[in-house]
Amino acid sequence: MPQLEFGNPLIIAQIVWLLIIFGVLYFVLSNYALPRVAEVLEDRRQRIEGDLEAARAAKAEADAATAAYREASAKARAEAQAAIAEAMQSAQAETTARADALAARLAKQIDEAEARIGRARDAAMGALRQVSTETADALMVRLTGRSDQAALGAAVDRALAARGQG
């Protein structure tokens, strides 16, 4: 291999030029190119840190907004339940008042109806006494030919009293 033939005088010149070019390249890279690359990397790192910090701040703000939303939602739910309970109590009180008024009106109507029934019963019983007396008198006149109103009245009263209708 001719590249590794160190006895050749060109090899030493090539090695010297290699060292010179390497040194110049190292000097240029270390003084000009690599500091710019380091600046770009540092700028990029700072931008990423800034973006991360902004993301953390946005997350904290979103968490605070979520907590406020949950609190407002719970408060609204509690207010709605209170309003529903109040409406239910109001409706129940109104229903109770209406039921009491209806019960009072029905009790009054029942009392009036019982009074009418009592008057009708008394009238019917009076009419029953009269009809019974007249019927017994008619039978007595037909059977015996005579009429005793006082005895017939007392007998009808005893018969009605015995039946519990007098």
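## Asp137 and its surroundings

Apart from neighbours within four places in sequence, Asp137 is in contact (heavy atoms within 4.5 Å) with Ser147, Gln149 and Leu152. Asp137 belongs to helix H1, helices being DSSP runs of H or I of at least four residues, numbered from the N terminus. Asp137 is buried but has no salt bridge, and Arg146, the nearest side chain of opposite charge, is 9.9 Å away. Buried denotes under 20% relative accessible area, exposed over 50%, and partly exposed in between (1.4 Å probe, protein chains only). A salt bridge is a side-chain nitrogen of Lys or Arg within 4 Å of a carboxyl oxygen of Asp or Glu.

## Basis of the model

The model is predicted: local features need pLDDT of at least 70 and side-chain atom pairs pLDDT 80 or more, while totals for chains, interfaces and linings use all residues. Residues are numbered from 1 along each chain as its sequence is written, and side-chain values use heavy atoms, without hydrogens and water.

## The annotated region

An unreviewed UniProt entry annotates residues 38-130 as "coiled-coil region"; such annotations may be inferred rather than shown by experiment. Over residues 38-130 the chain is 100% helix and 0% strand, with the end C-alpha atoms 134 Å apart.

Asp43 is also located in helix H1. Asp43 counts as partly exposed because its relative accessibility is 42%. The C-alpha atoms of Asp43 and Thr66 are separated by 34 Å, the two residues being 23 residues apart along the chain.

Conventions:
Helix = DSSP H or I, 4+ residues; strand = E, 2+ residues; numbered from the N terminus. Lys, Arg positive; Asp, Glu negative; His and termini not counted.
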